[in-house]
Amino acid sequence: MSLLQLQKAGIRFGGLRAVAELDLSLEEGSLHGLIGPNGAGKTTVFNLITGIYTPTEGDIRFAGQSIVGKSPTRVAAAGIGRTFQNIRLFAGLSVLDNVKVAFDRQLHATLFEAVLRAPRYLADERRVDAEARALLETFGLSAMADLGADNLPYGLRRRLEIARALATRPKLLLLDEPAAGMNPSEADDLMHLIRWVRETFGVTILLIEHHMAVVMGICERITVLDHGARIAEGTPQEIRKDPVVIEAYLGADAHAETA
Amino acid sequence: MSRGVLAGWAVFAALLAAVWGVEVFAVPWTDPYLTDIVIRIGFSLLAVMGLALVLGFTGQFSLGHAGFMAVGAYGSAALSVYAGLHPMLGVLLGGFAAALAGAAVGLPSLRLSGDYLAVVTLGFNQIIIVLIQNTPTLGGAQGLTGIPVATNFGWTFTWVLLGAFFIRNLLQSARGRVFAAVRDNEIATRSLGIDTTRAKVVAFVIGAFWAGIAGGLIAHYRSSIFPSQFQFDRSIEILAMVVLGGTGSLSGPLLAAGVLTALPELLRPVAEYRMVIYSLLLIGMMIVRPKGLLGNGELTDLFRRRRPAKKEAA
Amino acid sequence: MTLFLQQLLNGLSLGAIYALIALGYTMVYGTLQLINFAHGEVYMMGAFAALYIARYTGVADNPTLPGVAMVAVGAMTACAILGMLIERLAYRPLRNASRLNMLITAIGMSLLLQNIALLSFGALQNFPSLLPETQWKVIGVAVRSNDLVILGVTLSLMVALTVIVERTQIGRAMRAVSHSRDAAALMGIPVDRVVAFTFALGSVLAGAAAFLVAMDKHSVRPDMGMTGGLKAFVAAVLGGIGSIPGAVAGGLLLGLAETFVSGYLASTYRDAIAFLLLIGILLYRPAGLFGKSTVEKV
C-alpha cells in the first residue's frame, strides 16, 4: 500500500512553475531518495507535502486521504515528521526540553492542572520525562540532556533534530539534506543512523540529499528532479548510469562528496 | 502530592501571610509616601509579568498592553460604581473582561507576522482610549470618579503573589516549553503537530488578564481614573521594563519594574527628563545588551550559579 | 452633492499629506524590514525646522515666494540630515540584530526625539502665515488655495520620486536592495550608502509634508509626529508595506476615509478610523492592497 502518493502535484509562484506534474509513490517502510541539481524544487516538494505550500495542481494523498489544503500543524498531526535544511532547534531550550516539546500532543492535563501542579499533570510530566530520556538514550545524547541546544556540536544537532521528529511517532519522516556540512566519516555515521531509525521505528523515510555517497548507499529507490519535473526514477544502480540524470548534473561531478 | 509541590504551596501561603502581616502591622506606621511607591510598584509588577509572558517568552510583539489595563480598570470601575459590586470582585471580573479583549484582539491578529501584530496592538490601545473618551457613562476624557477606594498594600500584593506563582508555574511547565518553542522557532514547532496560533492566543489572553487586574487595582486606588493613564506612553513604559529586564526572564522584568517605578521618585529633580532617560536606556540596551539585563536567566541563577542556558521543567 | 465633493477635496488634501509621510515608512521597510517608528518624529522636527528657519531668516515677517521656498527646502534638508543621522547612529549598529531589537530601538528613538522636542520647543507654537490664503467657490465647493498648493506640491514630489526610483541608477540600487540585501551586496552595490539614501529620500518627503501641514494649520506641536506619523504608517500598511504605489494609495484612502467618516458620522471617532481600517484590511488581505506576502524560507 502506498503510504504517500503525489498525483500530478505541482505549484506555481506567479509565472514560475516550481514543481510541475509530479508523480511520486512511497511504499510503507521504504527508504526513498529525492535528488536533483540546486533549485530543482526538492525542498518545495517537502513544503508541499507538509502543507507549508498548497499545490496549485494535482493531489497529495497520505495513508489514503488527501492532505491538500491542510495546515502544517494538521499534516504533522496526521503522522508526517520532518527535519529542515537549516537545522531548526529551539535554541533557548535544553536538549532534553527540545525533545519534550515534541510530546506535547500526548499530554492529558489541562493548563490549570499544570499551573496548580495537580496529580494528573505530574503524572504526565513523569511519563514525558521518562520517554524523552529514553529517546535521548537510544540516540546517544543522554550525556548532553541538560546542555543548551545551542551548545551542541554540529553533528549532534542534526541527530537531535531527528530524535525530536521521531518523538511524535510519525509514519513518514522527511529528512531535508541531513548530511549537509558533514565530512565523510560523519556522513557514514549518518547513513547507519538513518538505516537504524528505519529498522527501530518502522518509519517510512523520504530523503533529500546532495551527498551522493549517502543517497546511493542507503536509498532503495531514488527520484530525480530537475526544474521542478521528474526526469528519472529507479534503483541507485539505474540512476547512476542514467544519461539524463548525468546531463542534468552537468558541470557538477555526480560522484562528488561535497554537499 | 510530591514534596516539591507541597513546599511550593507552603511558600505561597507563608508569603501571603507575610503580605497581610505587613498590611496590618507595618503599613499603619509607615510613611504613606513610601507605601504609595510600593503599591505602585505592585501595579507595575502585575502589568509587567503579563507582558513578559507574551513578549519575552512567547515572542509576540504586543505594544498595546496598557489597552488591556484600561479594559480592566474601566470594567471593574463600572461594576463598582454602577452595580455596587465588591471592589475586589470587580477587579477579578475586570481581569476577565481584559482577557476577553485579549482573545478578541489576539485571535485574528496572531496569525500575522511580528511587525503587523505590533501595529494592531498599538491600534487597539488607541481605539480603546478613543472609545472611552467618547463614552459619557465612563466619564469621557474628564475621567470616571466616585470609585470606591479599596486597593491597599495587602490586596495589591495578594494579587501580585497570585500572578507571580501562576505565571512562574506556567513558564516552568510543559506549556512554558511550548511557548519558548514558539518563540524560538515557530515553523519547527508546527512541524511537531502543535497548534502554535492557539498557544500564542493562550499566552496573549493570560497576559491581558493580569494587565486587567493591574488596571482594576489602579481604578480602586484613588477613586478616579482617566483615559490618559492608559495611553501608548504607558504601554511603552511596561515594554521598557520587559526589554530592559530581560526577554526570556521573569525575575528580570519584575526587577526592572521595581527599579523603574521607584526611580522617578528618587530622581524627582530630573522628573522632566524621565522619558528622555527611558528612551536612551532602551536604545543603549539594544545596542549593548540586546537580551536585556538578565537575558534568559533568572535572579535565582545568581544564587545557585547555574548556567542560564539550562532549563529544567518542574 | 456639494458636500460630497467638498469632502472629496478635503479627503484628497489630507490623504496627500499621509501619502508623503507614508512613503518614508514604506521605503525604509522595503529596504530594511524595519518599522521606522522615528519617522513620525522626523516629520515633526521638519515642522519645527521650518518654523525656526522662517523666524531667523525673517521670512516669517516678510514672506516672499523665494523666501518661502527656501524655508521649505530648509525643512526638507534638515529632515534628510536627521533621518540619515538616526540610521547611522541607531539602526546601522543593529543591522543584524533580531526584529524585536530593531523595533525597540526605533520606538526608543521616537520617544527620545519627541521628548527632546517637548523640552526644547514647548507644547505648541504658532506657525506664521507664509502664503496668501484665498478660497474660491467652484460648483459650490470651497476650494482653498492651500489645498491646491498641497496637491500641487505632492504631485510634483511623487513624479520626482517615480523618476528617481525608476530611471536612475540609485533608484535601481534601492530596488535591488529591497529585493535582497545580500544579493545586492554581492553584486557590488554599496548597501550602506543606498540605505542612507533611502532614509534621506523618505525624510525629504516627510519634511515637505511637515512644511505643508504647518503652513496650512498654522501650528506645530511636538506630538504631531505621534498622531500623524502613526496614521501615515497605517496608510503604508494599508497599501502594502514596501510598495511605493501602495503608500500613495493607502494615504489617499485613509485621508478620504477619515474625512468622510468625520463629515457624515461623528468626528470624535476620527482617530479610531485609521486603526479600524487597518485591522479590517489586515484580516482579509494580510499583505495590504498592493503588497506581496513574503514567504519565510523553510
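How many residue pairs are in polar contact between chain B and chain A? The count is nine residue pairs, both partners at pLDDT 80 or more. Here a polar contact is a pair of N or O atoms within 3.5 Å; within protein, one must be able to donate a hydrogen and the other to accept it, and residues adjacent in sequence count only if both atoms are side-chain atoms.

Before going further, a word on the model. This is a predicted model, in which local features need pLDDT of at least 70 and side-chain atom pairs count only at pLDDT 80 or more, while totals for chains, interfaces and linings use all residues. Residues are numbered from 1 along each chain as its sequence is written, chains are lettered from A and ligands numbered from 1 in the order in which they are written, and side-chain values use heavy atoms, with hydrogens and water left out.

## Where chain B meets chain A

On the chain B side, the elements that give two or more residues to the contact with chain A are α1 (3-26), α6 (153-171), α7 (174-184), α8 (186-191) and α9 (196-219). Helices (H or I, at least four residues) are DSSP runs, numbered from the N terminus, as strands (E, at least two) would be. With eight residues, α7(B) gives the most to this side. Sorted by class, the side has 17 nonpolar, eight polar and nine charged residues; Ala, Val, Leu, Ile, Met, Phe, Trp, Tyr, Cys and Pro count as nonpolar, Asp, Glu, Lys and Arg as charged, and the others, Gly among them, as polar.

In total, 34 residues from chain B and 37 residues from chain A take part, contact meaning heavy atoms within 4.5 Å. About 3,100 Å² is buried between the two chains, and carbon and sulfur atoms give 63% of that area. Buried area is the accessible area (1.4 Å probe) that two parts lose on being put together, summed over both.

Two salt bridges are counted between chain B and chain A. A:D104 forms a salt bridge with B:R175, and their closest N and O atoms are 3.5 Å apart. The term asks for a side-chain nitrogen of Lys or Arg within 4 Å of a carboxyl oxygen of Asp or Glu.

## Aromatic pairs

Over all chains, the structure holds 22 aromatic pairs. Rings of Phe, Tyr and Trp (its six-membered ring) pair if their centres lie within 6.5 Å; planes under 30 degrees apart count as stacked, over 60 as edge-to-face and the rest as tilted. Two edge-to-face pairs in chain B are set out here.

| Pair | Ring centres | Planes | Separation in sequence |

B:W20 is partly exposed at 29% relative accessibility, and B:W155 is partly exposed at 31%. Both B:F68 and B:F204 are buried. Buried means under 20% relative accessible area, exposed over 50%, and partly exposed in between (1.4 Å probe, protein chains only).

One aromatic cluster is formed by A:F112, B:F96, B:W159, B:F166, B:F209 and B:W210.

## An arginine in chain C

C:R95 lies in the loop between α3 (65-91) and α4 (99-121) of chain C. This arginine counts as buried because its relative accessibility is 13%. The side chains of C:R95 and C:D192 are joined by a polar contact of 3.3 Å. Leaving aside residues up to four places away in sequence, C:R95 touches residues including C:L32, C:E87 and C:R181.
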